[in-house]
Amino acid sequence: KVTYQDGYLMFGTWNGNGNATVTIGNDYLTKGSDVAKYNEFEYLECNKNTVSNSHFSVAEQNGNVVISLNESYLKSLQDGMYSFKAVFAKAIIPIRLYVVTHKIDFKLFFFKMERKWKCRSIIGIKYIFTHFLCRFI
């Protein structure tokens, strides 16, 4: 099987409502190849565990394979990044999903950069990062 390692497709960022969907076949990884056919789909894996068929659907649309993760399954996931693999007879397609259901308050974001220059026979540069704060609400 062809295993793509230098890139991945995206379910996108899920923020609490609806399904998460990816289309395989007319994308930058598999376009022009014949490795991801609807009738050759085998299973979906997330973080090295097989995802139950009740948590997603697979359909064919205009010659592409469309995989949709159900909202009920997505609600069971904590915030973070998830690595999926759509396994076909001829290929394994990596797919990422980001779950972000908490709001980020960027008003509390503070960043300070201090530069110090020394000029003698050797020039030195010093960067100091003093604060980096991001609070979830």
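Reader: How many helices and strands are there in the protein chain?

Author: This is a predicted model, and its elements, read along the sequence, follow the pattern β-β-β-β-β-β-β-α-β-β-β-β-β-β. Counted by type, the protein chain holds one helix and 13 strands.

Reader: What share of the residues of the protein chain count as buried?

Author: The protein chain exposes about 9,400 Å², and carbon and sulfur atoms supply 51% of that area. Of its 137 residues, the share that count as buried is 33%.

Reader: How are the rings of F11 and F84 arranged as a pair, stacked or edge-to-face?

Author: A pair of aromatic rings is described by the distance of the centres and the angle of the planes. The structure holds three aromatic pairs. For F11 and F84 the centres are 5.2 Å apart and the planes stand at 75 degrees, and because planes over 60 degrees apart count as edge-to-face, this pair is edge-to-face.

Reader: How many residues apart in sequence are the parts that the pair of F11 and F84 ties together?

Author: Both F11 and F84 are buried. F11 belongs to strand 2 (residues 9–14), whereas F84 belongs to strand 8 (residues 80–88), so the pair ties together parts whose separation in sequence is 73 residues.

Reader: Which strands does the pair of F41 and F56 tie together?

Author: The rings of F41 and F56 have their centres 6.0 Å apart and their planes at 70 degrees, so this pair, too, is edge-to-face. The parts it ties together are 15 residues apart in sequence, because F41 lies in strand 4 (residues 41–46) and F56 in strand 6 (residues 56–61). The two strands are therefore strand 4 and strand 6.

Reader: Is F41 buried or exposed?

Author: Ring pairs link F41 into a cluster with F56 and F88. For F41 the relative accessible area is 18%, and because buried means under 20%, F41 is buried.

Reader: Over the face of which residue does R96 lie?

Author: R96 is part of strand 9 (residues 91–99), and at 24% relative accessibility it counts as partly exposed. Leaving aside residues up to four places away in sequence, R96 touches Y8, L9, M10, F11, G12, M81, Y82 and S83. At 4.0 Å from the ring centre, R96 lies over the face of Y8.

Reader: What distance separates the C-alpha atoms of R96 and V22?

Author: Among contacts in the protein chain with a separation of 6 or more, 57% are accounted for by residues 24 or more positions apart. R96 and V22 are 74 residues apart along the chain, and their C-alpha atoms are separated by 9.6 Å.

Key
Residues are numbered from 1 along each chain as its sequence is written. This is a predicted model: local features need pLDDT of at least 70, side-chain atom pairs count only at pLDDT 80 or more; totals for chains, interfaces and linings use all residues. Side-chain values use heavy atoms; hydrogens and water are left out. Helices (H or I, at least four residues) and strands (E, at least two) are DSSP runs, numbered from the N terminus. Buried means under 20% relative accessible area, exposed over 50%, partly exposed in between (1.4 Å probe, protein chains only). Contact means heavy atoms within 4.5 Å. Rings of Phe, Tyr and Trp (its six-membered ring) pair if their centres lie within 6.5 Å; planes under 30 degrees apart count as stacked, over 60 as edge-to-face and the rest as tilted. A charge sits over a ring if NZ of Lys or CZ of Arg is within 6 Å of the ring centre and within 35 degrees of the ring normal. Accessible areas come from the Shrake-Rupley method with a 1.4 Å probe; for residues, only the protein chains shown count as cover.
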